[in-house]
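Dear colleague,

Please find below the structure that I am handing over to you. My notes on what was found in it follow directly after.

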Amino acid sequence: MAAVGAIQVRPRWHAVRVFAVLALLVLLGVEVVLIAPYLQRAVRSLAGLNFAWFAVAVVAEFASMGAFARLQRRMLGAGGTWVPLRRMLVMTYAANAVSVTLPLGTALSAGYSFRRMRRW
């Protein structure tokens, strides 16, 4: 073992870290190569985007998420718990983001929401 001051550095753990970083970089490189055709197709489809309908869709999505947050807030209120709308919106958007981006995201977001609501 090499000694650096009072701290001892273990070469084996250093090698494991270097291997883990290299493996992660290789995995990310493979992902970029595999996803590139889908990404190019998505970018090409954006060329014919109708901005009026896009704006309508964005407004509808905001309205939908706001309505969902208000519904959850009202259900907690029926149980005797008052939560500010802003906190409920933050929790709703965070749970939705986890739900649509991670494998098993639906289960994770439900657990996250449940824990948050129990704390309140």
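Helix H4 (residues 105–119) is 15 residues long, and its first and last C-alpha atoms lie 21 Å apart, close to the 21 Å expected at 1.5 Å a residue. Helices here are DSSP runs (H or I, at least four residues), numbered from the N terminus, and the expected span is 1.5 Å times one less than the number of residues. Please note that this is a predicted model, in which local features need pLDDT of at least 70 and side-chain atom pairs count only at pLDDT 80 or more, while totals for chains, interfaces and linings use all residues. Residues are numbered from 1 along each chain as its sequence is written, and side-chain values use heavy atoms, with hydrogens and water left out.

Gly-105, Ser-109, Ser-113 and Arg-116 of H4 are buried (under 20% relative accessible area; exposed is over 50%, partly exposed in between, with a 1.4 Å probe and protein chains only). These residues cover an arc of only 65° around the axis, so they lie on the same side of H4; the arc is taken from the directions from the helix axis to the C-beta atoms. Ala-107, Phe-114, Arg-115 and Arg-118 are exposed on the other side of H4. H3 is included in what covers the buried residues of H4.

The largest nonpolar core has five residues in all: Ala-69, Leu-76, Val-83, Met-88 and Met-91. Such a core is a set of buried Ala, Val, Leu, Ile, Met, Phe, Trp, Tyr and Cys residues joined through side-chain atoms within 4.5 Å. H2 and H3 each supply at least two residues of this core.

Gln-72 is found in helix H2 and, at 9% relative accessibility, counts as buried. Setting aside residues up to four places away in sequence, Gln-72 touches Met-88, Met-91, Thr-92 and Met-117, where contact means heavy atoms within 4.5 Å.

**An aromatic pair**

One aromatic pair is found in a search of the whole structure. The ring centres of Phe-62 and Tyr-93 are 6.5 Å apart and their planes stand at 55°, so the pair is tilted (rings of Phe, Tyr and Trp, the last by its six-membered ring, pair if their centres lie within 6.5 Å; planes under 30 degrees apart are stacked, over 60 edge-to-face and the rest tilted). Phe-62 lies in helix H2 (residues 51–78) and Tyr-93 in helix H3 (residues 85–101), so the pair ties together parts that are 31 residues apart in sequence.

Yours sincerely
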